[in-house]
Amino acid sequence: MAGILVYSEQTGLAEELISYAVSTGKAVTAITFNEEDAGILASCGADVCVVKGASDMPEAYGKALAGFIEDKGIEQVLIGATARGRNLAASIAGYLDCPMASDVSYLQIVGPDLICQRMTYGGLLVSSETLSGISVVTVGPGMFEKQEKAAGTITSLQLDADNRVKLVAREPVVKQGVDLTAADKIVCVGMGMDKEEDLEMVRQLAQSIGAELGCTRGIAEERHWLPPEQYIGISGQVIKPQLYIGIGVSGQVQHVYGVREAKVIVAVNNDEKAPLFKSADYGIVGDMYEVVPLITEAIRNL
Amino acid sequence: MLNMVACYKWVVDEADIRINQDLSVDMSKAQGKISEYDKNAIEAAVQAAKAAGARAVGLTFGNEKSKPSLKDALSRGLEEGYWVHGDEADTADAVVTAKVLAEAIKRIGNIGLVFCAEGAADTYARQTAPRLGALLDLPVITSAKEISIDGNTVTVTRKLDDCVETVSAEFPAIIAVLPEANVPDIPGLKAVMAASKKPVTEWRAADLITDATPLSWVTSVKGYETNRKNIVFAEGDAAERVKQLVAALRKEGVL
């Protein structure tokens, strides 16, 4: 059995990846650790293996899955680009001694090889890569559409876990901030702001247009003015609002990566050389303490 | 004495990359730097060495231009540097890089923990730590946010997409740290001076692995295309500029 192996612990993402894999005409095997997902994944056209083993952590099965992939003659591995998924993917690639590409934005299987595109240098560049022979790629949500197909089979698969990493505790994340990825408008605060109490001025602006408040990494991770869930960028939230207004945001490439899918980008900064102006549709060069209250007032008077 | 090894990469500073009108990329004026995320790996190794009474060392694989990285790395609290160099680094994919690092780690020997970042600032391939685990057959802990050491046991808090996990493993183990794992100090003048006197062991890549043929390669690199209006309101006073901005945003239908 040649074909494609798919895994993601996020059910929706697994469905998307299976649907793409099925569309290539190859046999598709999906792995899950969650019995409840088996039927859902099978209905996308994959033969589903429910993994049973001695660890609660999917990452613990890299070596065992590499063995399974070799036994089955699988040619391609697609894994959802989550923290766990990336870990498992690179572990499998390591044990298979095969190439891998993470977080691809485009992929195509060409004969025995795979070609893909992915962002490098914090999103500044797009790199096209060729992976020869069996390979592993990780893919984020939203690249493919889920499609229902004739249901595949469901079997269980006993695998050996690597028990050297022991799970001591697991707590669900309590989100302190808002879900920026769902926000229609976002006002973002950058390191150009002098004092924490000045956040109030930006909150007023956000309120006036019905926007959520976001920030750059420095505001959340260095100054701790806003919770980490509210920072935007390559290692934080990646947002797609209709309107993004950056206040005192310099526009480092890692931040811009997180905002460049916005429909309209506005920059307010006293430094005319701030890189964000190059990534913006509209900009005002000026002191935020003068400009922001004026914008808020102008909007309230509309 | 046990070794706490920090793996780091000398990368092109993205701030120096020029993208031409046709989206072709010019790196000719670019300076090198230690990948920002790897500074967290170095700091984690230094802290782990303190906690365990071990020795913190740095390991890098790069071309001949990566030599200045040693002084920078050693000014950050590491006691010794291991520099693997060769032109192989220019074509190395994650497979080759991991093999070189794994072989170097074997030679360093007496390993407590090996620290990597989740990914490098240039390729962000996010593979090195799990690949080292596979090649050295050691346990791997990724997404590390907090690290504590008790005897030969490391306990790590991992930040995952939907949960926070606490896990533990015995030495030796591989750990990939998140940027929030620590705040690296900016080295002072004294540390920078002392760095040039610290020992550096050099290996050529060809001394460590016989086959440096990559299994994947980059076929093209171009700038990310941004189509933005780039309109800056510069006429009149602040009130006038704001008026123009608000009018433009209304026209866009986003207010």
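**Close-up views of the chain A and chain B model**

**View 1. Salt bridges across the interface of chain A and chain B.** Across the interface of chain A and chain B, the rule finds 8 salt bridges, a salt bridge being a side-chain nitrogen of Lys or Arg within 4 Å of a carboxyl oxygen of Asp or Glu. The side chains of Asp281(A) and Arg228(B) meet in a salt bridge, with an N to O distance of 2.8 Å. This is a predicted model, in which local features need pLDDT of at least 70 and side-chain atom pairs count only at pLDDT 80 or more, while totals for chains, interfaces and linings use all residues; side-chain values use heavy atoms, with hydrogens and water left out. Residues are numbered from 1 along each chain as its sequence is written, and chains are lettered from A and ligands numbered from 1 in the order in which they are written.

**View 2. The contact surface between chain A and chain B.** The contact (heavy atoms within 4.5 Å) takes 80 residues from chain A and 68 residues from chain B. About 6,500 Å² is buried between the two chains, and carbon and sulfur atoms give 56% of this area; buried area is the accessible area, taken with a 1.4 Å probe, that two parts lose on being put together, summed over both. Tyr121(A), Arg164(A) and Tyr282(A) supply 11% of the area that chain A buries against chain B, more than any other three residues. Tyr121(A) lies in the loop between strand S6 (113-120) and S7 of chain A, and has a positive phi of about 50 degrees although it is not a glycine.

**View 3. Polar contacts and the pairing of strands between the chains.** Across the interface of chain A and chain B, the rule finds 43 residue pairs in polar contact, both residues being at pLDDT 80 or more; a polar contact is a pair of N or O atoms within 3.5 Å, where within protein one must be able to donate a hydrogen and the other to accept it, and residues adjacent in sequence count only if both atoms are side-chain atoms. Helix H4 (residues 83-96) of chain A gives the largest share of the side of chain A that touches chain B, with 9 residues; helices (H or I, at least four residues) and strands (E, at least two) are DSSP runs, numbered from the N terminus. Strand S7 (residues 125-131) of chain A and strand S14 (residues 216-223) of chain B run antiparallel and are joined by 7 bridges, where two strands pair if DSSP finds at least two bridges between them. Val126(A) has Lys222(B) as its bridge partner in S14(B).

**View 4. A salt bridge within chain A.** The side chains of Arg84(A) and Glu59(A) meet in a salt bridge of 3.0 Å, N to O. Arg84(A) lies in helix H4 of chain A and Glu59(A) in the loop between strand S3 (47-52) and helix H3 (62-72) of chain A, so the pair ties together parts that are 25 residues apart in sequence.

**View 5. The two domains of chain A.** The domain assignment of chain A gives domain 1 (3-158) and domain 2 (180-300), with bounds that come from an automatic or database domain assignment. The area buried between these domains is about 360 Å², of which carbon and sulfur atoms give 62%. Met119(A), Gly122(A) and Gly123(A) supply 84% of the area that domain 1 buries against domain 2, more than any other three residues.

**View 6. A cis peptide bond in chain B.** Phe171(B) and Pro172(B) are joined by a cis peptide bond, with omega of about -10 degrees. Pro172(B) has its place in the loop between strand S11 (163-170) and strand S12 (173-177) of chain B.
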